[in-house]
Amino acid sequence: MAETISIALKVNGSELAAAVEPRRSLVDFLRHDLGLVGTHVGCEHGVCGACTVMLDGRTVRSCLLFAAQADGADVTTIEGIGTDEALHPLQQAFQKHHALQCGFCTPGMILAALELLRDNPDPTEEEIRVGLGGNLCMCTGYVNIVRAVRAAVSNGNSR
Amino acid sequence: MGLLQSYRDEAKVLAGGQSLVPLMNFRLAQPHNLIDLNGVEGLDTIEIDDRTLSLGAMVRQRDVEQSPLIAERLPILREAIEQVAHPAIRNRGTVGGSLVHADPAAELPLLSIALDATFHVRSARVSRSVAANDFYQGYLLTDIAPDELLVAVDFHLPPADSGWCCTEIARRHGDFAIVAAAVLLGCGRDRRIDFARVALGGVGPAPLRMIAAEQALLGERADAELFRRAGDVAAQAVDPPADIHASASYRRHLTGVLVRRALATAASRVKGQA
């Protein structure tokens, strides 16, 4: 389909405009058109959580949204959470507690954890496991991920 | 409505996209056109009065989960929603989308059957209401024409003192249920049951109301033995499917267990009872 749809949105605080094919998914738009490859493409049907981003302050699967639907939205990706020089406290906790091995699921995990701690600043281990239940990790066995989120809470770094 | 009428089979309605878009990504669905309801005004209202909770079709599942009003007035709906997938799915997924997708193991269709919901359907030519029991016609099949749209659903509130429980067995939290049960229970004097609703998901092509189990309960005294008997009645009444997730006999077994457990939990939540 040759026609495109014009969109204007905010990504990690920057306003931008683009013309996208109607079928372009949000995650492909972020990765291929904007070069924001921190958001990963896993299962492409909403199961794995690797493509999780924030849309207007709520986590969503960016593989299940079309870029055209993000017109007017405020999108935050992992690149908007912390930088190499200044990691977000959750990222620091993940690093310190070995909550990642290959790192494929990590951007999605961090965004899911951010939302969890915003809505529930002092979650139990069970609540952390349920809150992150929509994000699959094939390496860690989750123990260290839960530990890292708990540590971020005890350090008062939940935001 | 005009767009739906002109495209008919050539178009699909896009709500939260948590069922349709996975199907599109697998190329199992290849609609020529999508009509996006996001941004259509007036479809996301939550209204409640003495008798009815009315939800617009585009109310996000997460907003149901986080509504203090719903937690207070229809807690079974909140308990059900918390078992729907995961936060990021519920942030986007809608009440109407889940209801019309009509997965036989999904929680919202199950609740619509348990609570005798009324579906409000509109098209450019007609506006009509359908009872949940008539809306679900078979596997992923509903009483909705290609040019029609579900705009709202009314859940009829159970008696104020009734107990409730929505529970399920799934391989992992958030997965589709193998079997799901939703029950509502009201008790009068001497713990005699004067209101009973028992509905099951995952045991047939569509969610089912278990009238036989309800009849076994009405007028009887609420106790563990009665709940076991009602579970047995339900297990005998269903004709569950077998698939890669579970055999028919395992689903039948779960039916009995879940109905028994759900009734016990609901009975413990009946107000004004010890």
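What is the handedness of the crossing of helix 2 of chain A and helix 5 of chain A?

**Entry 1: conventions.** I noted that this is a predicted model, in which local features need pLDDT of at least 70, side-chain atom pairs count only at pLDDT 80 or more, and totals for chains, interfaces and linings use all residues. Residues are numbered from 1 along each chain as its sequence is written, while chains are lettered from A and ligands numbered from 1 in the order in which they are written.

**Entry 2: a helix pair in chain A.** I looked up the crossing of helix 2 and helix 5 of chain A and found that it is right-handed (left-handed if the near helix is turned anticlockwise from the far one by less than a right angle, right-handed if clockwise). Helices are DSSP runs of H or I with at least four residues, strands are E runs of at least two, and both are numbered from the N terminus. Helix 2 (residues 89-96) and helix 5 (residues 143-154) of chain A pack at about 130°, with axes 8 Å apart. Axes are lines fitted to C-alpha atoms, for helices over the stretch in contact, and angles run from 0 to 180 degrees between N-to-C directions. The two helices of chain A, helix 2 and helix 5, are therefore oblique to each other (under 35 degrees is roughly parallel, over 145 roughly antiparallel, 65 to 115 roughly perpendicular, the rest oblique).

I then listed the contact (C-beta atoms, placed from the backbone, within 7 Å): helix 2 of chain A brings Pro89(A), Leu90(A), Ala93(A) and Phe94(A), and helix 5 of chain A brings Ala148(A), Ala151(A) and Ala152(A). By class, this contact has seven nonpolar, no polar and no charged residues. Ala, Val, Leu, Ile, Met, Phe, Trp, Tyr, Cys and Pro count as nonpolar, Asp, Glu, Lys and Arg as charged, and the others, Gly among them, as polar.

**Entry 3: a helix pair in chain B.** I found that the axes of helix 11 (residues 224-237) and helix 12 (residues 248-268) of chain B come within 8 Å and cross at roughly 145°. Their crossing is right-handed. The contact of helix 11 with helix 12 of chain B has nine nonpolar, three polar and four charged residues.

**Entry 4: domains of chain B.** The domain assignment, automatic or from a database, gives domain 1 (2-156) and domain 2 (163-268) of chain B. Their C-alpha centres lie 24 Å apart. The contact takes 22 residues from domain 1 and 19 residues from domain 2 of chain B. Helix 8 of chain B gives the most to the domain 1 side, with six residues.

**Entry 5: between the chains.** I recorded 17 residues from chain B and 19 residues from chain A in the contact. Helix 6 of chain B supplies the largest share of the chain B side, five residues.

Conventions: Contact = placed C-beta atoms within 7 Å.
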